[in-house]
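Please read them with the structure open.

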Amino acid sequence: MGLPVIKGTPLDAPVTGRLDGRPWHDGAIEYTEAGFLARHLSTACFIVISYLSGMRSGEALSLKRGCVERDHAHSLVLLRGRHWKGVRDAAGDKMPEGEIRADPWVVTEAVATAVAVLERLHTSTWLFPATLFTDGRDGATILRSRVGGSRSETRINHDIAEFLAWVETYCTEHGRSDPIPSDPVHPVIYSARLRRTLAWFIVRQPRGLVAAAIQYGHLRVQMTLGYAGNYASGFPDDLAFEDWLARLDTLADAHQRLREGEQVSGPAAETYRHRVQAATRFAGRVLRTKRHATTMLANPDLQIFPGKGMTCVLDPKRAACRLRSEEDSTRRTPDLDDCRPNCVNIARTDRDIEQVLVQIERLRPLVDDPLAPAFRHAREQHELDRLERIVTAHDRTGEPHDGH
């Protein structure tokens with residue numbers, strides 16, 4: 001007939017996605033690879049949803065079509081789903097089917113996009129159906145027990161490993177230098193680590209939950225805890241455990257700097273030195289539960305909070321700021337946004353003074369501006385004088401004493 005014969009069975013679907021301005025896939029997608037790519041796409045969506053929500057793996061895998069809701073009054077994206085932790089019937093027995101959470105997860109727009117992709121990818125009620133493009137050949141035993149159901153945690157962990165391998169291969173074949181780096185300590189990446197990773201990044205951002213709330217566009221700090229809802233979700237426990245580890249990292253660094261001769265000034269300087277020295281006894285401490293971490297965080301020797309150009313050595317009874325109460329009510333933390341210059345809890349390290357010097361350099365042009373209104377000049381001059389006194393006092397802490 002004179003018709004050309006082509007190799008393979010390319011799909012009549014254009015490749016519209018782009019990576020660095022170029023189509024992510026060379027040529028048409030083959031019919032035989034479409035299923036595998038769809039599986040990887042589903043796994044990528046799971047990673048986005050699980051990481052940016054703080055949900056447990058089972059909670060994410062049990063999500064159903066239509067789970068995204070929007071609170072237009074507050075510009076919030078909500079995720080409705082089922083949970084099992086602490087769910088009991090009237091008799092006090094555990095409910096194996098769980099229940100729909102009364103309080104939804106508060107998530108970002110990226111999560112809503114991932115859900116929308118999954119809803120277009122297949123027609124199943126579940127966002128992560130067990131039989132998605134497997135044809136019954138992959139994990140037949142598992143599939144027979146879960147036909148019509150969602151993917152299991154074992155299955156999604158396998159899919160994550162396959163997805164990471166695919167990304168590695170893709171980067172190699174296309175000469176890319178941005179593959180997903182391997183973890184030399186814990187090489188196996190499983191779904192439960194996504195929740196822990198979110199907690200790690202939150203507590204290691206400046207000002208902790210405040211930074212997380214800003215990063216993810218939430219209205220209040222409480223909305224960050226809304227990733228996992230109320231305290232029964234267990235996510236604040238993950239935060240407490242990571243907060244404990246981060247606090248020890250900070251104190252270990254402070255201890256090393258003191259040994260190397262770092263100067264400390266301010267009304268709480270001596271308390272700062274005492275607490276940093278005392279905190280060394282926590283090194284190597286084994287925490288058996290995350291609740292134990294929460295309790296340990298309330299220890300007075302750990303109440304050191306780096307701020308902007310200062311370090312708060314918290315004594316709640318003497319704090320000039322308005323303290324924040326943690327949800328579990330076991331401890332109170334300072335409001336570093338409301339730090340008062342006259343507070344007796346302030347200490348300043350050499351690192352803090354470096355930030356103060358940056359503030360001074362930013363103020364000088366404003367003070368020297370001849371066109372500045374008189375009231376603004378007076379205000380900036382007053383602040384500049386205050387900061388320069390802080391630097392002078394700090395420098396004097398390193399001067400040798402004359403013995404008098």
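**Notes on the predicted model**

1. Strand S4 (residues 76–79) is buried on both faces: Leu76 and Leu78 point one way, Val77 and Leu79 the other. Buried means under 20% relative accessible area, exposed over 50%, and partly exposed in between, with a 1.4 Å probe and protein chains only. Strands (E, at least two residues) and helices (H or I, at least four) are DSSP runs, numbered from the N terminus. In a regular strand the side chains alternate between the two faces of the sheet.

2. On the basis of the model: this is a predicted structure, in which local features need pLDDT of at least 70 and side-chain atom pairs count only at pLDDT 80 or more, while totals for chains, interfaces and linings use all residues. Residues are numbered from 1 along each chain as its sequence is written, and side-chain values use heavy atoms, with hydrogens and water left out.

3. S4 has two pairing partners to look at. Strand S3 (residues 68–71) pairs with S4 in the antiparallel sense over four bridges, and Val68 stands opposite Leu79. Two strands count as paired if DSSP finds at least two bridges between them. S3 and S4 make a hairpin with four residues between them, and Ser75 in the turn has a positive phi of about 55 degrees. Strand S7 (residues 105–107) is joined to S4 by three bridges, also antiparallel, with Val77 opposite Val107.

4. Which strands make up the open sheet of four, and in what order? The order is S8-S13-S10-S9, with antiparallel pairing. S8 and strand S9 (304–306) are the edge strands, each pairing on one side only. S9 pairs with S10 over three bridges, and Ile304 stands opposite Val313 in S10.

5. Strand S13 (residues 346–349) in this sheet is covered on both faces: Ile346 and Arg348 on one side, and Ala347 and Thr349 on the other, are all buried. Strand S8 (residues 264–265) is joined to S13 by two bridges, and Ser265 has Arg348 as its bridge partner.

6. Among the buried residues of H1 are Leu37, Ala38, Arg39, His40, Cys45, Phe46 and Ile49.

7. Pro10 lies in the segment before strand S1 (18–19). Is Pro10 buried or partly exposed? Pro10 is partly exposed, with a relative accessible area of 36%. Pro10 touches Ala28, Ile29 and Glu30, leaving aside residues up to four places away in sequence; contact means heavy atoms within 4.5 Å. The C-alpha atoms of Pro10 and Glu30 are separated by 4.3 Å, although the two residues are 20 apart along the chain.

8. The structure holds one cavity of 30 Å³ or more, and about 90 Å³ of space lies in the largest cavity. Of the 13 residues that line the largest cavity, Cys312, Cys321, Pro334, Cys339 and Cys343 are the closest to its centre. A cavity is a set of points on a 1 Å grid over the protein atoms alone where a 1.4 Å probe fits but cannot get out, and lining residues have an atom within 4 Å of a point. Grid points are joined across faces, edges and corners, and the volume is the space filled by probe spheres set on the points.

Note on methods. 1 Å grid on protein atoms, 1.4 Å probe; cavity = no way out; pocket = protein on both sides within 12 Å on 5 of 7 lines; lining within 4 Å.
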